[in-house]
Amino acid sequence: MTAPTITGVTPDAATQRDIYRRMALIKANDERARKVIRAGKLVLPYYSPRGQEVIPSALSVLLTNDDYICTIYRGIHDMLAKGVPLKDLWAELAGRVTGTCKGKGGPMHITHPKSGVMVTTGIVGSSMPIANGLAWASQIKGDGRVTVAYFGDGASNIGAFHESLNLAAVWKLPVVFVCQNNEWGEHTAYEKATSARQIADRAVGYAMPGARVDGNDPFAMYAAAKDAVDRARAGGGPTLIEAMTYRFHGHVLGDADAYMDKARKEAAVAADPVPRFRAHLIAEGIATEAELAEVEAAIEAELDEAVAHALASDYPTVEELARDVFAPEAVVGEAA
Amino acid sequence: MSDTSQITILQAINKALTDAMAEDDSVLVLGEEVADPEEGGIVGVTKGLSTRFGPHRVRSTPISEQAIIGAAIGASLAGFKPVAEIMLMNFTTVAMDMIVNHAAKLRFMSGGQTHVPIVIRTMTGAGFGTGGQHCDYLEAWFAHTAGIKVVAPSNAADAYGLMRSAIEDPDPVLFIENLPTYWTPSAAPQPGARVPLGKASVLSPGQDVTVIAYARMVQEAQAAVAVLKAGGISAELIDLRSVAPWDRRTVLESVARTGRALVVHEAVTPFGVGAEISAVIHEELFSRLKAPVKRLGGAFCPVPFSKPLETAFAPRATDIEAAVRSLLATA
C-alpha cells in the first residue's frame, strides 16, 4: 500500500486516522456480533461485512451527516462508517424498543436519518432507485447534498441497477453508485453470474464516469470516492465506482461457505486490509501503536456498553404491531 | 346542475394537480410523458403542469417503472410530496418491489422515523380493446398490503377531492383512474374541496338492498338502480370511493337496514375486494342478513380483445339488475 502522489487526493494524516478508526470499529463490531450470536445471546440473520471495511470508511470521511446513504442487508459497515450510534444499532439488532427502528426493522432495515442512513433494503438492487429520489430532492433544493447508493456485484444484474443508472445519468443527479464487488452474489461466484468483464464497464453504457478501484486500499478508495463526491456536489452528475474487495465469510452467518475457494479466501484473509492499514499508519509515523491501541480499546469499551444496553433493553410491546403502519391520525373509515 | 358546471374526470384530476402544485412547492409530478414536450401524458392528464411549474418539479421519465417509484420514494423521504404516474395499472407489476416492499413498509420498518407521502396515479379499465396487459383492475393486490391506501373515484368531484386528500396524506396512496370514463362529464368540484380517504358516498338511498360499487362500476350500478326503482325495487347505492381503507361504517349501517348486499367491481371475483367486504358483512351482520351477500366481478380470465368478449368481461347494468333480483328472490 503506497500513498498515491496525485496532489489533493491523498487523505491527510488526521483523515487517515479517521478512516482507520472507522475500519477498526467495523472489524471489532463484526467480531463482537459473530461472538454474541454464536454464544446464543442474540438470534438474527447476520450478513458479515468482514473484509469490506475500507470502502465505506474511506468514502464516509468525505460525507457529512446531511449526506444520504441507501444501503443493503450486508450494510452494517456502511451504517457504522456513516455514524449510526452503536447503542441504537445494537438495540435494533436485538429487536429492542430502544433500537433505531424500535426493533421493528431489524438488521436488514436499519434506518437512522440523523446520520443520513435513509434506507436499508433487504432486496438486492433496491438501494439505487430510492437513492436517485433523494438526489433529485437535493437537486431541486440546491442543498449540495450527495447521496451514496451501496450495493453488491450481484445487484448489477438486476433491472433496478440499469433503470437507476440510466435515470441518474439522464437527470444528472448528485448520486454515487458504489458497487462493493466481493466476488460473491450470495453463493454464486462473480464470473458465473455476470457477463461484464468488470462492473465499471457498465458505466459506459449509461454515459457516466466509471472507475474500478482496489476497494481494500484506503488511498485508492479515497481518491475514487473524492472524485465522485466532488463531481456530484458540483452538479456534475453520477459516478459508478466498482470497489474490489472480498467477503471473508459465507453469505449469512451459519453458512458453511463450502462453495468458496479455500486458497482464494486464505489469500484474502492474509491480506486483511485492517491490520495492513494499521501497520502502514505506524510505519509512516501517522499514528503510534499506543494511539491506535487506545482507539481500539475505546471501541471495545463502547461495544461492551452497546451490547449490554441492547440486552438490557425492553422488547417492544405488541401494541407496536398496529403502530407505524399508517400515520396515527390517518385511520379514517376503518372503525365500524 | 347545468352543463356549464360539469367537467370531466380527466379535467378534475388535472385541476387537482394544478391546485396542489400551486399551493405547495413540495408537490412534484413524475412519470412517462407527463411533461408538456411529451404532451402532458398519453391522454393529457398532466397537460400544462411542466409549463407552469417548471422542469425541476414536473419531469418526464424513461420507461422505467422501478426508477419512477424509487425516485418518488426517495424524494418523499427528503420532504417532497411526489405524484408518480405509472401509466397503466398493469405496469405497476414492474414496480411491485418499490411499491410493496418499500413505499408501503418504510414507515413501519423504520419505526416511524421515515414515511413515504407519495401518490401513485395509474389508469386502467376494459373497454378500449387493449387486451390482456393494459386494462386489469389489480386493486386487491395493493389493498392486501399493509401500509398503502387505495382509492378509485367514479366522478369528477370525487376525483378532485380524493386527489387533493391523497397528496396531503402522509402515507402512500394508489390512485386508480378509469380510462374509458375519463371524458364522462359530471358535477364540477368546489375549488379546494377535499374528499376524505376511507369515506364512502351514498349516491341513492334505498330500503330493499345495498349495492356497493366503485370506479366505472358505479355508473353501471346507477343505471341498474334506476331500472330497479322503476320496477318498484328500492336499492341503496354506495360508491365506495376508497378501497383501502374502506368505509365499514357506512356499508354496515346500510346493510343492517336492508339485510341484502351486492358488491360489484370490474376486477375478477375470486380473492377480490368483494370477498373481503362480503366476509366482513357476514362476520358483523350474519343474523340480520336476509340473503347471503352476492359478488359480481370480471370474468376469471385475462381481459379479452374481441369486442363481444370484452363487453361480456365486466359486469354490466343488466347483470347488476339480475343479481339484485336474485337477492330479493331469496326467502
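Select residues 21-318 of chain A to begin: in this predicted model, the span is 44% helix and 13% strand, and its end C-alpha atoms are 39 Å apart. These are the residues that UniProt, in an unreviewed entry, lists as "domain: Dehydrogenase E1 component".

With both chains shown, colour the residues at which they meet: the contact takes 40 residues from chain A and 47 residues from chain B. On the side of chain B that touches chain A, the helices α3 (65-77), α4 (96-103), α5 (106-109) and α9 (248-258) each supply at least two residues, and α3(B) gives the largest share, with nine residues. Coloured by class, that side of chain B shows 20 nonpolar, 18 polar and nine charged residues.

Now move to the largest nonpolar core, which has 194 residues, and pick out A:V178, A:M221, A:I241 and B:V211, the members that touch the most others. Helix α8 of chain A (residues 218-233) contributes the largest share of this core, nine residues. Select domain 1 (3-187) and domain 2 (201-329) of chain B as well; since both give residues to this core, the core lies between them.

Conventions
Residues are numbered from 1 along each chain as its sequence is written. Chains are lettered from A and ligands numbered from 1 in the order in which they are written. This is a predicted model: local features need pLDDT of at least 70, side-chain atom pairs count only at pLDDT 80 or more; totals for chains, interfaces and linings use all residues. A nonpolar core is a set of buried Ala, Val, Leu, Ile, Met, Phe, Trp, Tyr and Cys residues joined through C-beta atoms within 7 Å. A residue is buried if 20 or more other C-beta atoms lie within 10 Å of its own, exposed if 12 or fewer, and partly exposed in between; C-beta atoms are placed from the backbone. Helices (H or I, at least four residues) and strands (E, at least two) are DSSP runs, numbered from the N terminus. Domain bounds come from an automatic or database domain assignment. UniProt positions are given in the numbering used here, feature names are shortened, and annotations may be inferred rather than shown by experiment. Two residues are in contact if their C-beta atoms, placed from the backbone, lie within 7 Å. Ala, Val, Leu, Ile, Met, Phe, Trp, Tyr, Cys and Pro count as nonpolar, Asp, Glu, Lys and Arg as charged, and the others, Gly among them, as polar.
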